Amino acid sequence: MSDLRYDPKAIEPKWQDVWARERTWEVSNDPDGRDSYYVLEMLPYPSGEPHMGHLKNYALGDAVAHFNRRVGRRVLHPMGYDAFGLPAENHAIRTGEHPRDSTQKSIESFQRQFRQWGISIDWTREFGTHEPRYYKWTQWLFLKLCERGLAYRKEAAVKWCPNDQTVLANEQVTAEGTCERCGAVVEARQLEQWFFRITDYADRLLDDLDGIDWPGNVKVMQRNWIGRSEGAEVTFRCEQLGIDYPVFTTRPDTLFGATFFVMAPEHPDVMKLVEGTDREQSVRDYVNHALTESNEERGAADKPKTGVALGRTVTNPVNGEQIPMYVADYVLMEYGTGAIMAVPGHDERDFAFAQAHGLPVKRVIGDPEGGELPYTGDGPLVDSHPDFDGMGNRAALEAIVAWLDREGKGHASVNYRLRDWLVSRQRYWGCPIPVIHCPACGTVPVPEEDLPVELPDVTDYKPRGKSPLAAVDDWVNVPCPRCGGAARRDTDTLDTFVDSSWYFLRYCDANNDDASWDRRVLAEWMPVDQYIGGVEHAILHLLYARFFTKAFADMELLDAQEPFQALFTQGMITRDGAKMSKSKGNVISPATYVDRYGADTARCYILFIGPPDQDADWSDEGVEGVHRFLARLWRVGAELAAGGAPAAAESLDATRLAGADLTLVRKAHWAIDKVTNDMAGRFAFNTAIAAAMELVNEVYRHRESAGEVAQRFAVATAASLVFPFAPHVASEVYELLTGARVWEQPWPSADPQLLESDTFELVCQVNGKVRDRVPAPATASREELEALARAQPNVQAHVDGHEVVKAVVVPGKLVNLVVR
RNA sequence: GCGGGUGUGGCGAAACGGUAGACGCGCCGGCCUUAGGAGCCGGUGGCCAGGUAGAGGCCACUGUGGGUUCGAAUCCCUCCACCCGCACCA
């Protein structure tokens with residue numbers, strides 16, 4: 001019967017042409033009464049060819065987009081490219097090829113493959129972040145942040161990557177102190193750089209996590225990164241030099257237990273404190289050694305606590321005690337004030353230091369368990385002060401802070417781990433910073449009408465501690481916009497995370513030449529209803545984008561407080577159980593499979609492979625299975641279509657169905673219900689596809705026994721349900737059977753009457769073990785079900801000779817007889 | 001160390017506290033074929049039984065050990081393994 005062959009190479013281009021010709025997936029910004037829905041996948045960095053992670057990302061997003069269109073929403077599903085960045089620039093350094101050219105080639109490859117995959121994108125909104133029409137507005141937004149004081153310059157100890165020859169944001173340095181991009185060990189440098197004042201938003205970035213539908217682990221990572229801790233700032237005075245040293249502590253309740261004081265090696269006063277004393281040499285040696293140690297060496301928690309005494313003391317403000325000062329590398333300059341009060345009785349680290357240096361350990365909190373020091377739990381204050389002794393330490397903490405405040409010795413304080421975001425980069429391939437430095441006027445913004453400041457071409461891409469832009473004299477030297485005198489452009493470029501922190505806003509109004517966007521248009525789309533991407537952006541991109549959104553909301557440029565209402569983080573695609581990498585030689589390309597089996601198979605398989613938030617191992621045999629399924633769907637559709645004129649699929653009279661027809665139509669409604677729930681409530685695409693497979697299997701099982709009309713209905717339904725995953729073959733089959741376009745059809749709805757059968761299989765248990773199964777009427781009463789169960793021979797065999805002490809009846813499910 | 005997650009057949013995985021293993025892979029068998037690495041149908045935990053039958057029965061099983069419940073992969077506690085995040089943050 002079947003010399004019919006499923007031929008994706010013919011089907012897929014056919015439908016891609018229809019969608020392109022008819023601009024099917026374009027969406028206007030004018031409201032039309034439907035709910036708007038914005039689904040977005042993280043924009044790709046265009047390098048080489050798309051990989052399996054991209055296929056998964058866009059297959060997921062496209063399924064969400066299609067489903068939402070068909071349930072009646074107006075869906076925005078755009079695409080663009082995160083096109084500035086180091087890989088293209090490093091390629092230019094090696095080959096001399098302009099980053100614009102290599103980037104353009106990659107973008108074209110991505111475009112070609114996205115079209116081959118049949119992803120439903122509104123291409124009218126496409127852009128690359130490297131295009132002047134986009135970065136003009138990146139620059140404009142930068143100036144807005146300046147105006148508001150959220151962008152500023154300061155000199156600071158910054159992280160410098162010696163390999164990439166540029167500074168990095170804190171977020172771009174790993175816990176081991178290496179460059180997040182290239183792995184080189186990061187150095188410290190004192191430089192004047194541009195920062196964004198993200199710390200102003202620390203509390204809101206923290207608090208607003210509660211209102212968004214994000215994976216818990218991503219929220220935890222952001223909370224950790226922001227690192228809010230509440231406590232007090234307390235001032236310790238060094239009488240000998242007459243200098244006050246504030247410290248931050250979360251445990252002001254232990255102030256009376258402070259027995260020494262420690263400064264970070266980087267603290268600017270350390271050398272001043274020992275100058276001209278017999279300690280000067282030993283302290284200098286220690287500090288110099290500490291400064292040469294890498295973060296990794298220094299950060300090891302189990303490392304012995306080293307340090308040297310400064311030979312000075314400070315006064316403990318609560319009791320006037322003189323306590324000795326030390327410099328030690330376990331105190332970090334970046335956190336708090338770079339100095340701490342040490343309470344060895346109630347802090348493990350201080351305890352370790354005290355042990356190593358023979359310092360006194362004092363108990364000021366009682367331990368109800370009577371354990372040894374250090375004790376970090378709760379308890380009543382002891383040996384502190386008559387006013388506080390006996391008070392629970394939590395209450396004492398509040399009381400002591402209030403007392404410090406009254407006495408002017410301290411105050412309640414909140415500290416954050418989060419630092420301001422360093423955005424200058426001494427590199428070429430990025431967005432120029434739209435600022436001019438004038439010897440007379442200082443830092444002057446480029447006037448709005450002169451934007452964009454276009455990136456000039458250079459011949460030498462090699463960075464030499466300065467951006468290659470610094471060598472372009474006729475670009476750098478410009479008159480000051482304010483006084484007209486000779487001035488120089490800022491030669492750094494912006495961190496590429498700046499580009500990607502607002503692209504989702506630009507998509508809404510991508511072709512607006514007069515503004516970054518129209519606020520009313522954004523109100524229509526923002527926030528993004530569903531954002532999809534990899535968990536590797538949990539901190540960097542996702543935190544920056546939230547900051548930008550809040551800052552722009554404060555400037556009344558937009559209304560949303562959060563960029564991404566819901567976030568889905570996809571798992572990795574692995575190969576042979578390992579991450580794909582060139583060095584392991586286990587990289588496989590989506591193009592191979594799209595070419596061999598078609599895009600529908602590749603997309604469907606990547607969704608069928610398992611729960612999409614989990615890592616999944618690619619299997620060539622698994623791909624075959626999914627391909628077989630799509631081929632079966634197509635073939636039975638083609639056979640049915642060849643058998644006669646298209647029949648209207650919806651006109652089935654449920655009350656007249658019987659036998660195989662009824663079974664088949666029921667199965668179709670069961671599948672509708674299953675797929676709808678799997679799509680709407682959760683990202684359970686694997687089980688949704690399994691349900692469609694069951695429906696197609698059911699059709700084959702009833703090829704001889706069921707009528708033509710029922711079979712057509714079932715197959716058309718299967719095609720309709722599979723459309724979000726395999727849009728080409730679904731469109732083809734649906735058209736063959738109904739003459740209509742599946743994407744123009746509303747999402748099918750399950751008929752509740754057909755979901756319920758008038759009989760069900762009653763499970764008969766004795767003491768929780770299944771002893772029989774028997775068909776039972778759905779309308780049977782509890783008593784009737786129990787009687788039916790008791791009547792089953794195998795049930796009787798297990799009940800005989802025992803007393804039934806209880807009968808649990810779950811209507812529609814089972815009867816459990818408890819015997820003794 | 002702290003926080004979070006995962007653990008189910010040979011494999012990827014399903015399973016509102018109610019028939020564990022849907023669906024797919026692999027494997028075995030049959031049909032169709034000149035042929036088939038195509039297609040279609042069936043089987044696939046163990047043990048016992050069954051020869052023309054209306055064919056079944058029993059047992060085991062969701063990392064370990066306990067608990068709650070008529071009933072637990074699912075809820076609670078213990079432990080083990082692996083993965084992820086944070087980690088001298090005062």
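Reader: What does tyrosine 330 have 2.9 Å from a sugar or linking oxygen of RNA strand B?

Author: A backbone N or O atom of tyrosine 330 lies there. It is a polar contact (a pair of N or O atoms within 3.5 Å). The model is predicted: local features need pLDDT of at least 70, side-chain atom pairs count only at pLDDT 80 or more, and totals for chains, interfaces and linings use all residues. Residues are numbered from 1 along each chain as written, chains are lettered from A, and side-chain values use heavy atoms, without hydrogens and water.

Reader: And what does histidine 798 put 3.0 Å from a phosphate oxygen of the RNA?

Author: A polar side-chain atom. Threonine 249 also has a polar side-chain atom 3.0 Å from RNA strand B, but there the partner is a sugar or linking oxygen.

Reader: New topic. Which residues touch the most other members in the largest nonpolar core?

Author: Met52, Trp618, Phe685 and Phe725, in a core of 97 residues. Helix α20 (residues 620–642) supplies the largest share, 11 residues. A nonpolar core joins buried nonpolar residues (under 20% relative accessible area, 1.4 Å probe, protein chains only) through side-chain atoms within 4.5 Å.

Reader: What does methionine 52 touch?

Author: Its contacts (heavy atoms within 4.5 Å) include Ile573, Met580 and Trp618, not counting residues up to four places away in sequence.

Notes: Polar contact = N/O pair within 3.5 Å; in protein donor to acceptor, adjacent residues only side chain to side chain. Buried < 20%, exposed > 50% of the residue type's maximum accessible area, 1.4 Å probe, protein only. Helix = DSSP H or I, 4+ residues; strand = E, 2+ residues; numbered from the N terminus.
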